[in-house]
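Please look over the sequence and the 3D structure shown here. The paragraphs after it lead through the parts one by one.

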Amino acid sequence: MAEPRSWRDGAVRLTTLPLIAIFGAFFLVPLVMTAVLSFQGTQYYRLVWTWDLKIWRDVFSQWHYWSIMLRTLSMACICTALCILIALPVAYALVTRLKDWADHVTLLIVFAFLTDAVLKTFGWVLFLDRSGVLNGMLEGLGFGKAALDVLFSPFATMIGMVYSLLPYAIFTIALSMARIDRDLVLAAYDSGASRWRTLREVTLPLARPGIVAGAVLVFVLSLGVFLEPRVMGGGTSPMAAELIRQSFETRVNWPLGAALTLVVIVIGALSLALFGGLALGAGRRARA
Amino acid sequence: MQRPMSRMFGPARRDVLKGMGALGLAGLAGLKPARAATRMNYMCWEGYDKASIIDPFEAANDVEVSVDLITDSPGGFAKLAAGAWRDFDVVSSDSPWIQRMGPADIAEFLDPAQFADVYGDFYEQFRAPFAPLEFDGKVTGLPTRWGWVGPTVNTEYDSLESWASYDNCFDPAYKDKICVLDWGDWPIMPMALHAGINPYEELDDAALNEIRLVLRALFKNTRAVVADLSVAQKGLMDGSFRTLIGGGTYCTSALRKDGMKHIRSIVPEPKNGLNQGIIWMEATGIVKDPSDPEKARALLRHLVSPEVAVELAWTEATCNLVPSAKAEALFSDEQKDVLQMDYMWEAWDKSQFHNVAPNIDQMLEIWQQELAAAN
């Protein structure tokens with residue numbers, strides 16, 4: 001039997017070098033450059049090397065930056081919860097009840113997923129508008145003109161976010177559920193467990209890795225959504241990505257944009273650490 | 001000590017690229033003939049890159065023009081200021097940014113005497129000395145396109161008279177029927193003027209607070225703050241937006257070109273001694289140390305020539321006025337109608353010129369703050 005390989009093994013460390021190089025070049029170096037940029041200043045729309053805390057003082061003293069960050073965080077949390085709630089039954093159905101149709105349904109989801117984001121977002125505008133397809137149908141059903149006026153609202157932003165990010169949750173959860181040993185589910189039934197109890201005590205715990213992976217993917221991507229709040233949200237509820245764009249482009253304040261970028265990254269990392277800690281604690285309690 | 005970032009690099013990137021280009025050419029010698037004797041790099045808005053504009057210049061000057069499109073003027077300025085000026089020869093952008101490029105040491109100052117014939121072809125209003133494109137009496141560029149910022153109205157839903165002032169923007173009867181265009185400072189300036197403040201002058205805290213209050217009131221009545229022109233135009237066409245604020249001719253002309261002549265951009269009547277309209281203008285300048293100054297000047301002259309001005313006025317995405325008086329005779333009646341030429345001097349007379357605003361960063365910050373608190 002082969003010995004388990006350890007990090008002390010030089011060969012193992014060597015094989016990780018390419019990954020470390022890519023990670024360093026395309027993540028760490030840009031991150032350090034962003035951090036460096038946040039300590040500089042601007043003068044006459046040009047970057048000047050000042051090495052001071054002016055931008056950070058500005059970031060921590062302006063409430064509106066934090067209100068936008070809080071809105072972004074709450075929208076990301078709601079989007080993650082909705083995606084998981086919708087993805088769970090869809091993934092379960094794909095793996096169990098719709099096995100014969102799984103390929104076709106997966107193809108449809110992939111097709112929608114790979115369609116250009118701008119096209120999808122503008123499609124939603126045409127669908128949700130006061131004079132759009134949805135309100136046209138509702139009017140035909142007797143609900144009156146512009147019965148559902150949701151476009152250009154945070155609700156519309158949420159529809160767009162969930163629509164764009166749902167496939168990440170569906171596929172990770174479906175993959176996780178597909179690997180569950182069917183005998184374990186059958187054993188639960190044999191032991192007299194109801195369908196609900198089997199789902200709750202066997203299927204969901206075993207699908208946890210996929211649920212967590214899907215949630216992390218959706219949450220991280222939600223923090224950076226740009227098109228949905230800008231186009232479907234009507235711009236009056238800006239989120240972090242728009243704030244950063246405004247700082248870089250409109251205000252030509254690159255140090256401010258860099259500082260706000262770091263704030264979003266830190267908020268995302270801390271949130272994931274918090275959720276990760278809670279999930280780990282819950283798992284330990286369940287095993288105990 | 002503060003050092004501009006663009007000055008931190010040693011050899012000019014253009015020189016390095018030239019060297020790399022020479023090496024590449026040496027390697028490819030015999031495999032692929034060069035398309036033109038020289039190459040120029042041109043930073044511009046969409047429309048300036050039309051084949052009918054660039055191709056004749058390339059053919060006449062044996063030069064290959066490589067175009068870099070900008071999507072916003074501040075971004076273009078920032079890119080040049082960060083060091084990209086070494087890579088470019090000519091730039092077309094909004095006039096306040098071209099005006100800034102001279103003193104920022106990223107664009108050449110022009111000798112107006114060299115362009116006397118060009119100025120001679122312009123409308124009187126754009127002839128030298130033309131203050132909006134001067135810094136300390138030195139010329140930073142030539143005007144290429146212009147228009148006005150004012151309410152864009154679909155006359156099937158609203159009369160033009162009802163937009164003789166911006167009062168409707170704050171009228172509860174218009175709640176959720178207004179669309180504000182999120183185009184940098186464009187929507188802020190008309191609102192400041194409506195509040196009785198000239199945003200192009202140095203502002204004190206009280207004036208800035210007044211701008212804050214007017215923006216707050218505007219956002220309360222606004223259905224959407226839209227950056228995308230097609231979304232704004234769609235809403236205007238179907239009546240879900242009664243007017244667009246912060247746009248003007250730039251977003252009207254393409255609709256009028258498509259036959260929607262009932263959509264017009266107007267300028268409100270002067271209020272509190274302040275003209276309420278704003279004249280925007282695009283201009284073209286020569287980037288500092290162009291690889292071939294002669295060719296850079298030739299491209300600049302080409303862009304403002306009457307024949308090219310007509311091409312520049314009439315593009316796929318937007319149609320706009322040009323400063324060339326000689327070009328007017330080359331427009332058809334239909335084109336003149338689309339461009340609202342019958343109204344242009346009335347709009348001019350009722351407008352301020354869009355310029356470098358001393359407090360623009362504070363105003364943009366206020367915009368951010370009020371937008372963050374709007375919902």
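The bend at a residue is the angle between two axes, one fitted to the seven residues ending there and the other to the seven starting there. Helices (DSSP runs of H or I, at least four residues) and strands (DSSP runs of E, at least two) are numbered from the N terminus. This is a predicted model, in which local features need pLDDT of at least 70, side-chain atom pairs count only at pLDDT 80 or more, and totals for chains, interfaces and linings use all residues. Residues are numbered from 1 along each chain as its sequence is written, while chains are lettered from A and ligands numbered from 1 in the order in which they are written.

Chain A contains 13 helices and two strands. Along the principal axes, its C-alpha atoms fill a box of roughly 75 × 70 × 35 Å. Of the 288 residues in chain A, 35% are buried, a term for residues with 20 or more other C-beta atoms, placed from the backbone, within 10 Å of their own.

Helix 1 of chain A covers residues 10-37 and bends by about 40 degrees at A:Gly24. Why does helix 1 of chain A lie largely in the open? The number of buried residues among its 28 is zero, so the helix lies largely in the open.

An unreviewed UniProt entry assigns the annotation "domain: ABC transmembrane type-1" to residues 69-275 of chain A; such annotations may be inferred rather than shown by experiment. That span is 78% helix and 0% strand, with its end C-alpha atoms 18 Å apart. The unreviewed UniProt entry also gives "transmembrane region" annotations for chain A, among them residues 206-227 and 256-282. Residues 206-227 of chain A are 82% helix, and their end C-alpha atoms are 35 Å apart. For residues 256-282 of chain A the values are 100% helix and 39 Å.

Chain A also meets chain B: 29 residues of chain A are in contact with 36 residues of chain B. Two residues are in contact if their C-beta atoms, placed from the backbone, lie within 7 Å. On the chain A side, the elements giving two or more residues are strand 2 (46-48), helix 3 (63-95), helix 11 (227-232) and helix 12 (240-250).

In chain B, the domain assignment gives domain 1 (5-146 + 282-336) and domain 2 (148-279 + 354-372). Taken over C-alpha atoms, the centres of these two domains of chain B are 30 Å apart. Their contact takes twelve residues from domain 1 of chain B and ten residues from domain 2 of chain B.

Notes:
A residue is buried if 20 or more other C-beta atoms lie within 10 Å of its own, exposed if 12 or fewer, and partly exposed in between; C-beta atoms are placed from the backbone. Domain bounds come from an automatic or database domain assignment.
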